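Dear colleague,

Please find the structure below, together with its sequence. My notes on what was found in it follow directly after.

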Amino acid sequence: MNILFTTFVFCSMLQPALASRHHAFQKKPKSKQHTVAKKTAVHKKVIHSVQTLVKPVTSAQKTVISVASLQDTTAPKVVVVTSVFKPSLRSAAKINLTAATAPAEVSIIPLMYSIPAENLTFSYHPVAIKPLALMVDTALHWNKDRYIKVGYGNYATPYAEAGVALGDGQKSAILLHGKYTSSKGNLPYQNFTKGGIDANGVFALPHQQQLTGKIYFENSTQYLYGFTGSNNYTKDQLQQQFNTIGGNLGLETTMPNDYGIAYHPEVGFSSFFDNRQANEMNAIIKAPISKTLGKLLTFHVTGLADITHLQIPNTTINNNLFYVAPALEFKVPNVQIKAGMQPSWDNSQFSLLPDITLQANIAENQLILLAGWQGYFHKNTYQSLAAFNPFIEQPTALLNTKFTEQYAGLKGNAGKHFAYLAKVSFLQINNQPLFANDTAAGKSQGFVVLNEPKLQALKLHGEITYTDQEKLSFIAGMDYTQYTQQQVYDKPWGLLPLDVTGTLLYKLTKDFSLKSDLFLWDGAQYRDPVSLASRKLPAAIDLNAAAEFAVHKNLNIWLQFNNIFNNKYQRWNQYQVLGFNVLGGIVYSFH
């Protein structure tokens with residue numbers, strides 16, 4: 001009974017709240033389904049609350065409670081309490097800054113580095129750079145930029161020379177040079193005169209090119225003084241005078257262009273004439289071109305046209321030579337191979353000549369192996385023959401000499417100052433000119449030019465060079481040739497079997513220089529004009545020495561001694577050379 005009363009009181013207290021909630025819901029209508037669901041949920045909450053507070057009752061009690069609850073049809077009042085939560089961060093503490101200096105860091109931090117192993121390998125080994133001995137050009141003169149050199153010596157020998165250099169040396173350079181000398185020996189008509197002038201020029205052009213040119217005039221006068229017996233000739237009949245006027249022009253690349261092409265075409269012309277109504281015209285065109293094909297290969301090709309027209313009394317001689325020489329060159333650091341050929345037309349006669357060379361570096365320029373098989377022509381003209389032997393008669397034919405050479409050799413350097421070259425060659429020679437005394441009565445002092453169709457030769461060639469900066473330089477060369485298997489003539493008349501030359505230049509101080517030249521050869525074979533037998537001239541040696549020293553900043557004194565041993569040898573049969581000869585003079589330089 002008490003439990004029933006308590007339940008009734010709790011329900012009475014709950015009813016006003018439910019009624020208030022009911023009015024609140026009426027202010028904002030809801031859908032029917034929402035309202036029913038809401039009521040059902042409220043009723044379930046109320047019943048659950050009552051069941052929690054009330055002890056278990058009997059079945060009769062359950063019946064009373066169910067009836068009471070079913071009789072209340074008013075909508076229960078619901079109270080909704082909402083709590084709003086706003087999250088916030090805790091206030092941070094303020095950092096106080098002071099003006100004091102930071103304390104020094106005394107602790108040492110160990111740093112550990114992991115360095116990988118260096119496993120670099122290279123496919124090549126660089127070659128050490130070593131200074132090599134300079135190959136001295138013996139044709140160089142002790143010239144200043146502008147100078148005059150004059151002197152005089154025994155055998156009535158005047159000497160005069162002058163040189164002028166023009167241009168800035170970068171964009172243009174012009175060199176003017178002139179020389180004259182003469183002598184009169186003790187023998188009748190043992191006189192000679194030599195002189196000439198020339199102008200050389202080099203002009204820089206765009207695209208790494210330069211233009212080269214030269215014009216010149218040369219005169220040589222001597223007499224056929226090598227007669228035997230009585231002299232029935234006048235001075236004019238014995239005079240042998242040669243004159244040459246010529247020039248050449250060339251275009252040259254200083255280095256290959258962007259396409260790897262280098263070229264040096266040249267055009268030359270000369271007129272050669274003597275005092276016996278002979279006139280020879282020579283024209284030459286030469287065009288060498290090379291093209292690089294990558295880093296290892298280079299293609300070379302050279303074309304040549306050499307035309308000669310000789311007019312002598314009652315005779316006209318033409319001598320023409322044409323060839324094209326292509327070659328492929330393979331070059332690696334230690335090996336250089338060149339393989340090519342030379343189709344040639346010698347006076348319309350075709351020849352195919354080889355051009356194969358090998359150069360192998362065995363010991364870093366200290367030892368280089370040489371080998372080759374080459375063919376080439378030597379053009380014979382009246383001008384070239386007279387330069388070799390000034391006592392010749394007018395030629396009746398001109399044939400070019402063809403060489404086929406097979407050689408092997410060594411070259412290299414020993415130390416910083418010494419260089420050497422040694423080569424042995426086997427030669428096959430066609431149309432070699434020989435020089436023999438004329439067999440006509442009273443004309444043995446003149447040499448006729450004979451043609452040997454075929455002969456063979458074994459040749460040894462050697463060179464040594466020693467150079468010590470600009471103070472000392474020495475160069476010497478040797479050629480030993482043994483001729484065999486001649487077809488027509490007995491001996492190679494006029495050709496030297498042994499020829500040794502040497503030049504020494506020693507600069508003691510800045511203002512004092514010494515120079516010496518040595519000529520040594522074995523005598524050549526000659527034909528006796530009377531018996532026609534072959535004989536041999538004795539060996540000869542010729543030593544020359546010269547000195548030049550300064551006495552003023554623009555004035556030097558020079559001395560020259562020729563044929564010091566006073567050896568009156570014969571280079572050509574019946575022609576004795578001058579004995580001991582001394583000259584002296586001054587050199588004035590215009591600085």
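**Salt bridges**

The count of salt bridges in this structure comes to 5. Please bear in mind throughout that the model is a predicted one.

A second example is the salt bridge between the side chains of Lys 536 and Asp 522, at 2.5 Å from N to O. This pair also links distant parts of the chain, with 14 residues separating Lys 536 in strand E22 (residues 534–536) from Asp 522 in the loop between strand E20 (512–521) and strand E21 (525–527). Lys 536 has a relative accessibility of 43% and therefore counts as partly exposed. Asp 522 is partly exposed as well, with a relative accessible area of 24%.

Arg 535 and Asp 528 also meet through their side chains in a salt bridge, at 3.3 Å from N to O. Are these two residues buried or partly exposed? Arg 535 counts as partly exposed, because its relative accessibility is 38%. Asp 528, at 16% relative accessibility, counts as buried, because buried means under 20%.

**Aromatic rings**

The structure holds 21 aromatic pairs. Phe 391 and Tyr 575 form a stacked pair, with 3.9 Å from centre to centre and 20° between the planes. This pair links distant parts of the chain: Phe 391 sits in the loop between helix H5 (382–388) and strand E15 (401–414), and Tyr 575 sits in strand E26 (residues 575–576), 184 residues apart. Phe 391 counts as buried because its relative accessibility is 10%. Tyr 575, with a relative accessible area of 2%, is buried too.

Tyr 588 and Phe 590 provide an edge-to-face pair, at 4.9 Å centre to centre and with 75° between the planes. Tyr 588 is partly exposed, its relative accessible area being 35%. Phe 590 likewise counts as partly exposed, at 38% relative accessibility.

Beyond pairs, there is one aromatic cluster formed by Tyr 225, Phe 388, Phe 391, Phe 435, Phe 447, Trp 572 and Tyr 575.

Charged side chains also meet aromatic rings. The charged end of Lys 149 is placed over the ring of Trp 558, 4.6 Å from its centre. In a further case, the charged end of Lys 423 sits over the ring of Tyr 407, at 4.8 Å from the ring centre.

**The largest nonpolar core**

Which residues touch the most other members of the largest nonpolar core? Among its 21 residues, they are Tyr 382, Phe 391, Ile 392, Phe 447 and Tyr 575. E10 and H5 each supply at least two residues of this core, and H5 gives the most, with 3 residues.

Ile 392 shows what such a residue touches. Leaving aside neighbours within four places in sequence, Ile 392 is in contact with Gln 240, Tyr 382, Leu 385, Ala 386, Phe 435, Phe 447 and Val 449.

**Strands and their partners**

Strand E11 (residues 315–331) and strand E12 (residues 335–346) run antiparallel and are joined by 8 bridges. They form a hairpin with 3 residues between them. Strand E12 also pairs with strand E13 (residues 349–361), again in the antiparallel sense, over 12 bridges. E12 and E13 form a hairpin with 2 residues between them, and Asn 347 in the turn has a positive phi of about 50°.

Trp 345 can be followed across these strands. In E12, Trp 345 is the bridge partner of Phe 322, and in E13 the bridge partner of Trp 345 is Phe 350.

**A buried glutamine**

Gln 432 is found in strand E16 (residues 418–437). With a relative accessibility of 10%, Gln 432 counts as buried. Apart from neighbours within four places in sequence, its contacts are Thr 401, Phe 403, Leu 450, Asn 451, Glu 452, Leu 455 and Leu 495.

Yours sincerely,

A colleague

Notes: Residues are numbered from 1 along each chain as its sequence is written. This is a predicted model: local features need pLDDT of at least 70, side-chain atom pairs count only at pLDDT 80 or more; totals for chains, interfaces and linings use all residues. Side-chain values use heavy atoms; hydrogens and water are left out. Rings of Phe, Tyr and Trp (its six-membered ring) pair if their centres lie within 6.5 Å; planes under 30 degrees apart count as stacked, over 60 as edge-to-face and the rest as tilted. Helices (H or I, at least four residues) and strands (E, at least two) are DSSP runs, numbered from the N terminus. Buried means under 20% relative accessible area, exposed over 50%, partly exposed in between (1.4 Å probe, protein chains only). A charge sits over a ring if NZ of Lys or CZ of Arg is within 6 Å of the ring centre and within 35 degrees of the ring normal. A salt bridge is a side-chain nitrogen of Lys or Arg within 4 Å of a carboxyl oxygen of Asp or Glu. Two strands pair if DSSP finds at least two bridges between them. Contact means heavy atoms within 4.5 Å. A nonpolar core is a set of buried Ala, Val, Leu, Ile, Met, Phe, Trp, Tyr and Cys residues joined through side-chain atoms within 4.5 Å.
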